[in-house]
Amino acid sequence: MISDIDWIKRMLSHNVRMPMSIITGYGELLRQGLLSQQEEREIIGNICDNILYMNDVMKVVLDEADEVHRTERVDLVKIIDKITGFVNEMAQKIPVYISIKREYPKMYAIAEEISVMRIMFHLFENAMKYLPPYGNIYINIYYVGTEQVLVVFKDDGVGIGEKDLSHLFEKGYRGENCKGKTGSGYGLYEVKRLMEECGGSVEISSKEDGGFSVYLMFPAGEKKV
């Protein structure tokens with residue numbers, strides 16, 4: 001049983017690790033001095049956005065026990081495009097290729113923007129940790145009838161064995177394929193918790209040597225924009 005302080009430490013670490021890595025990568029690009037003024041402005045904007053995200057997520061994590069979750073109508077395409085833009089620099093260094101397909105240019109769901117951002121950062125971090133060079137991440141966004149929006153986050157990595165599959169949402173659980181990799185086993189646990197707080201759900205499918213897919217089902221905010 002971990003203490004509340006340990007829990008807060010692990011949650012903060014899990015939520016700020018990737019944006020800190022992104023900021024570090026952007027800082028290295030700026031230090032090289034090889035970018036155009038326009039590229040520098042874009043990178044500085046992304047650094048500021050990641051700092052604002054970390055500030056918001058720290059407030060949320062620290063207040064989480066007493067937090068009343070306020071969902072609203074958010075554009076999933078906009079949020080996912082934004083987070084993908086942040087992680088692209090890291091992905092190119094591995095390299096990992098990311099592709100996004102959306103049914104419409106704007107697709108609305110009932111959720112918390114900060115929660116969707118946290119979910120996407122967790123999924124990207126997990127995928128990029130285990131994908132080999134020249135691996136792929138596929139993100140597909142669909143309406144399911146008029147009531148739900150489905151986000152499928154899929155990679156073509158090694159996948160996991162069946163015995164691990166049913167435990168992946170447990171707090172602190174790490175599968176057999178995690179040996180030698182850093183991590184605390186809290187990412188997917190938090191993905192499930194955040195999805196349920198948004199009124200949504202999450203499922204996983206995977207086979208050993210067969211890739212890994214996460215299915216995020218959000219309540220729809222508006223049909224077909």
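**Strand pairing, core and aromatic contacts**

Strand E5 and strand E7 (residues 212-222) pair in the antiparallel sense over 8 bridges, where two strands count as paired if DSSP finds at least two bridges between them; within E7, Phe218 is the bridge partner of Val149. The structure is a predicted model, for which local features require pLDDT of at least 70 and side-chain atom pairs count only at pLDDT 80 or more, while totals for chains, interfaces and linings use all residues. Residues are numbered from 1 along each chain as its sequence is written, and side-chain values use heavy atoms, with hydrogens and water left out.

The chain contains 6 helices and 7 strands, these being DSSP runs numbered from the N terminus (helices H or I with at least four residues, strands E with at least two). Strand E5 also pairs in the antiparallel sense with strand E4 (residues 135-144), over 8 bridges, and Ile137 has Asp155 of E5 as its bridge partner. E4 and E5 form a hairpin with 3 residues between them, and Gly145 in the turn has a positive phi of about 65 degrees. Because 6 of the 8 residues of E5 (residues 148-155) are buried, this strand is largely enclosed by the rest of the structure; buried means under 20% relative accessible area, exposed over 50% and partly exposed in between, with a 1.4 Å probe and protein chains only.

Tyr104 and Tyr143 form a tilted pair, at 5.9 Å centre to centre and 55 degrees between the planes, which links the loop between strands E2 (96-102) and E3 (108-111) to strand E4 across 39 residues. Tyr104 is partly exposed, with a relative accessible area of 21%, whereas Tyr143 counts as buried at 7%. The ring centres of Phe124 and Phe153 lie 5.1 Å apart with the planes at 80 degrees, so this pair is edge-to-face; it links helix H4 and strand E5, the two residues being 29 residues apart, and both Phe124 and Phe153 are buried.

Notes: Rings of Phe, Tyr and Trp (its six-membered ring) pair if their centres lie within 6.5 Å; planes under 30 degrees apart count as stacked, over 60 as edge-to-face and the rest as tilted.
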